[in-house]
Amino acid sequence: MSKTIRIIKCSDPSYWYKGKEGESFSLLFEDREEYVVKTNDGYTNIVRLGDGVEEEGLEEPREARSAGSEDD
């Protein structure tokens, strides 16, 4: 079963995931202080442990849905 990390906050405005709260990324592995994820554009990057939560069983990472999208 694949695991993903959903961004719940960004503890530093200089991190690559600033503005991506609610988005999920494929988890590659977890270290003592960070998750190592594969971004939606194929790059490997890190997310601080306190800034994301693990999710299990999602087939694909999901992007945050914007308010007022056509599907709402």
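Which nine residues make up the largest nonpolar core? The points below take that up along with the rest of the fold.

1. **What you are looking at.** This is a predicted model, in which local features need pLDDT of at least 70 and side-chain atom pairs count only at pLDDT 80 or more, while totals for chains, interfaces and linings use all residues. Residues are numbered from 1 along each chain as its sequence is written, and side-chain values use heavy atoms, with hydrogens and water left out.

2. Five strands form an open sheet in the order 4-3-2-1-5, with antiparallel pairing. Strand 4 and strand 5 are the edge strands, each pairing on one side only. From one strand to the next the twist averages 45°; the axes are lines fitted to C-alpha atoms, for helices over the stretch in contact, and angles run from 0 to 180 degrees between N-to-C directions. Two strands pair if DSSP finds at least two bridges between them. Strand 1 is joined to strand 2 by three bridges and to strand 5 by five bridges, and it runs antiparallel to strand 2 and to strand 5.

3. **The core.** Here is the reply to the opening question: the largest nonpolar core consists of Ile5, Ile7, Cys10, Tyr17, Phe25, Leu27, Tyr35, Val37 and Val47. Strand 1, strand 2 and strand 3 each contribute at least two residues to this core. A nonpolar core here is a set of buried Ala, Val, Leu, Ile, Met, Phe, Trp, Tyr and Cys residues joined through side-chain atoms within 4.5 Å. Buried means under 20% relative accessible area, exposed over 50%, and partly exposed in between (1.4 Å probe, protein chains only).

4. **Valine 37 and its surroundings.** Leaving aside neighbours within four places in sequence, valine 37 is in contact (heavy atoms within 4.5 Å) with Ile5, Trp16, Phe25, Ser26, Leu27, Leu28, Tyr43, Thr44, Asn45 and Val47.

5. **Threonine 39.** This residue sits in the loop between strand 3 (34-38) and strand 4 (44-48). Is threonine 39 buried or exposed? Threonine 39 counts as buried because its relative accessibility is 9%. With neighbours within four places in sequence set aside, threonine 39 is in contact with Trp16, Phe25 and Asn45.

6. **Two salt bridges.** The structure holds two salt bridges, each defined as a side-chain nitrogen of Lys or Arg within 4 Å of a carboxyl oxygen of Asp or Glu. In one, the side chains of lysine 3 and glutamate 54 meet at 3.3 Å, N to O. That pair links distant parts of the chain, with lysine 3 in strand 1 and glutamate 54 in strand 5 (residues 52-56), 51 residues apart. Lysine 3 is partly exposed at 33% relative accessible area, and glutamate 54 is partly exposed at 35%.

7. **Arginine 6.** Arginine 6 forms a salt bridge with glutamate 55, the closest N and O atoms being 2.8 Å apart. This pair also links distant parts of the chain, from strand 1 to strand 5, 49 residues apart. Arginine 6 is partly exposed, with a relative accessible area of 25%, whereas glutamate 55 counts as buried at 14%. In the sheet, arginine 6 stands opposite serine 24 in strand 2 and opposite valine 53 in strand 5.

8. **Glutamate 23.** Look next at the loop between strand 1 (3-7) and strand 2 (24-30), where glutamate 23 lies. Glutamate 23 is buried, with a relative accessible area of 12%. Its C-alpha atom is separated by 5.5 Å from that of arginine 6, 17 residues apart along the chain.

9. **Overall figures.** Of the protein's 72 residues, 24% count as buried. Among contacts with a separation of 6 or more, 44% are between residues 24 or more positions apart.

Note on methods
Helix = DSSP H or I, 4+ residues; strand = E, 2+ residues; numbered from the N terminus.
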